[in-house]
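Reader: I have not looked at this one before. Can you walk me through it?

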Amino acid sequence: MSDPMAEIRASFFIECEELLEALQDGLQTMYDGEGDGETVNIVFRAVHSIKGGAGAFGLDGLVSFAHRFETALDEVRGGRLDADANVLKLFFTCNDILGDLVRESRDGVEHDQSRIDPVLAELDALLGGTPAEADEPDEPIEFEVTSLDFDLDLGAAETDETEDAGDPVWAVKFQPSAMLYANGNEPLFLFRALRDLGALTVTCLDNDLPPLADLDCEHAHIGWDMRLATSEDRAAIAEAFDFVEGLCTLDIDQIGGDLAIPDLPDLSDLSDGSDDAPLDAAAGTEVVTRAEPEPAPAAEVAPAPTPPPVSPKLEDAVAPAKDKPSVASAAPPSTPRATVRVDLDRIDRLVNLVGEIVINQAMLSQSVEAAGIPPNSPVRTGLEEFQQLTRDIQESVMMIRAQPVKSLFQRMSRIVREASADIGKDVRLRTEGENTEVDKTVIERLADPLTHMIRNAVDHGLEQNAVRESAGKQREGTVYLTALHRSGRVVIEVADDGAGINRPKVLKKAIEKELVPADSQLTDGEIDNLLFLPGFSTADEISNLSGRGVGMDVVRSSIQALGGRISIQSEPGKGTTFSISLPLTLAVLDGMVVRVAGETLVVPLNAIFETLAVTQDDLRAFGPSTHVINIRDSFVPLIDLGAELGYRRPLDDYSGGVVLLIGQEDGLSAAVVVDAIEDQRQVVIKGLQESYGRVPGIAAATILGDGQIALILDPIDLIAQASGLTKVSAPAPAQIAKPKDVVNGARS
Amino acid sequence: MTDPDKTPDKSTDGSAREYLSFLVGGQDYCVDIMQVREIRGGAKATTLPHSPSYMIGVINLRGTVLPIMDLAGRLELGAETDTERNVIIVVATGERVVGLMVDAVSDILAISEGDLQPPPDLPADQQRSFVSALTIMENRMIRVLDLGAVVPHSDEEAA
């Protein structure tokens, strides 16, 4: 990264991603019929900026495609082409290809021309057969002129033209010299500074602009004539030009409003009396020709955008800003959300350090307690405050890693387009809650399972067009993708308005595949859950889309690996909904510290419905080697945690133990018996998978206050795999031997 | 254990590499010293359920979770190791870092490429796959441990 060019290139590609996002947003807005002229402009500018940047880096493939795309968009912008659904579909395809090209250019991969050509042909057809004039030579020039990005700002400026009647109007004539640009100044910033003073109208003076052939690009040909209505005096106006003194000719003249005499003393202030600033008395204007140029960064002149308040509840601060019509995402940089690009490594280091603080603080509490300091002493209260602070810091740091799911959802809309085109169904994707923020890692690792689910929804969930029509539904199927926060977790739903799960068919298939016994009587919910069994696929024919041997079981295990759960609701004829519930962060967890068979374990708090003491009266022998426990007249299977994990043999008597009632969305529940509950606290999750591998029933590890490692239970996995053995009389299988003696392929 | 005079002699040979030798189950083994991260005393490990018998458990190594393996058990040398008294050699292989519980660390040896011989092919011993080379040092056979084979790969998790 030491090569400056490589860095610029890298930041160009990052910018491209943002532009592509704006492009997709814009197209979606148009597709939803909510677009206006400005939306088209945003779309156009996004493509244009990509083309411009690509030109600068000599990415010819990208430039020529972007150019053709841009030409078509320009037709729409100019009102010569109506952007109907078909045109937009083509634009979406162009958008996808453009995204591919950008990524291919970034990775230095060859472009697949066979994908591009048909789309280009369609574009040409769209433009009435007149092949777009792909005049490469004039490309760079066009790019240089328009990418200055200020036409958009002037647009904004002009709308500000609500002149305050009382304010004097000033005429400002500004003619930059070539040196102004050579020093890195930017007139746009000056205009913005002026706009802050009052209502501003800018007219471009292009009289000096020579014919293209004679254009000397090193020379400044353009000047500006401005009308500024402001209550400020001349000095304040002149101040905006402080940094370009001597690099331009500047006339400031009062022409209307309050006819105050121009503040002459200020003039001398301005010129500092130190140099030869002659007064053009005849015109009554000041011509600043100071000799020493001040190459100050132009950015300082620009008004500093007021950053949004940084609060730990980032969501609150960000959401309103982003909830504005999608125009905001591509809006001119005059109202940016103040953001900083930070290397992910640095954030991760911060996250780790905060994790250490949490552990350290736990150790401190433990030793303070051990020292026998009374609860109301200053040390203890101070420590409690410290604990609260640590928690706040931790939440804020976690929020840094959080990102809106938008990028993920955008990828999904592409999946829907491609999948629906492949199998000839009309499908529309509706997304909601795109600004819901989730940990970056979760987003990354969610992409594959979500892709699979979306494809499933299009392929299996929705009926064929004709079937839909005969069922009295809209021809176009809809897939809903929703994200929302619910009680400290993120819920992502993939829903379709298709036929729902064909339960008889699912059951038949499961029996055929010997996944369940032929005579099984299953409830609807149980049948739905059969979809998650390994090796299950209901499509009669294996289509190109799904049924590639990866089934919902893989989806489920990848969701579970993220600490999430997945559940299905389905209604025949109405559709199917898959809900994924995920933790907000992968780094911390509220847990209950329990002891069993001399080992300390952490059980995630959100999995525990309630805890209760075991009395022998509540226990009922169920089978020869199992028990159930009576909890308010419902019987729940008893699971001995120590026995399931191989720490001990089942006990003779469980009374005196504590039961944790574990449940999940689809109702599966069990009573897990432990020896004692020690504490309830926030623990830092340390991955076990990376350092060791997957352990059944165990989600991760953590470090307790005494420096010892404790394992974090994955209760759902544990229950799913539990033997339920709670009686000594039973023949002891290998599982309940001493852990050291266990020889198994547990990690297969 | 090495002849002090011998060591510089060996290291002048361009292909000489340094190995950390240790005792496990009464036998001499060594690993490339570049793979050794640190050596530390035994600590109380947290048992991992459903783990192979040679996995002692995990310990806290300055904030990271370090799996500890009983090397004698892994190599099926049959010797019972006393976890409190032994030494843990923290080694890195590929992406993974694990602790190997051994009886004692012996020495640092410089062994040139030419002094290493391939292990004999004896199908009866599963052990062969754990030894990548042999060498003789003062009449003792020292086995070069193949860490890649000793440390199980984690990629066989539920796919």
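Predicted model: local features only at pLDDT ≥ 70, side-chain atom pairs only at ≥ 80, totals over all residues.

Reader: How many helices and strands does chain A have?

Author: Chain A has 22 helices and 24 strands. Helices (H or I, at least four residues) and strands (E, at least two) are DSSP runs, numbered from the N terminus.

Reader: And what share of chain A is buried?

Author: Buried residues are 35% of its 748 residues. Buried means 20 or more other C-beta atoms within 10 Å of a residue's own, exposed means 12 or fewer, and partly exposed is in between, with C-beta atoms placed from the backbone.

Reader: Pick a helix. Which residues of H20(A) are buried?

Author: In H20(A), residues 552–561, they are Met552(A), Val555(A), Arg556(A), Ser558(A) and Ile559(A). They lie on the same side of the helix, because they cover an arc of only 165 degrees around the axis. The arc is that of the directions from the helix axis to the C-beta atoms.

Reader: What do they pack against?

Author: The buried residues of H20(A) pack against helix H16 (440–461), strand E12 (565–571) and strand E13 (575–583) of chain A. Just after H20(A) comes Gly563(A), with a positive phi of about 80 degrees.

Reader: Now strand E23(A). How many of its residues are buried?

Author: 6 of the 6, residues 698–703, so E23(A) is largely enclosed by the rest of the structure. E23(A) pairs with E24(A), residues 709–713, in the antiparallel sense over 5 bridges. Two strands pair if DSSP finds at least two bridges between them. Ala701(A) is opposite Leu711(A) in E24(A).

Reader: Over to chain B. Is His50(B) buried or exposed?

Author: His50(B) is buried, with 21 other C-beta atoms within 10 Å. His50(B) sits in the loop between E3(B) and E4(B), and has a positive phi of about 55 degrees although it is not a glycine.

Reader: What is the strand order in the open sheet of chain B?

Author: The 5 strands run E8-E1-E2-E10-E9, with mixed pairing. E8(B) and E9(B) stand at the edges with a single partner strand each, so one side of each has no neighbour in the sheet. Further in, E2(B) and E10(B) run parallel, joined by 2 bridges, and Tyr29(B) has Arg143(B) as its bridge partner in E10(B).

Reader: Last topic, the cores. Which residues touch the most other members of the largest one?

Author: Of its 132 residues, those are Ile454(A), Val672(A), Val673(A), Ile712(A), Cys30(B) and Val58(B). The largest share of this core, 8 residues, comes from H16(A). A nonpolar core is a set of buried Ala, Val, Leu, Ile, Met, Phe, Trp, Tyr and Cys residues joined through C-beta atoms within 7 Å.

Terms used
Residues numbered from 1 in each chain as written. Chains lettered and ligands numbered in written order. Contact = placed C-beta atoms within 7 Å.
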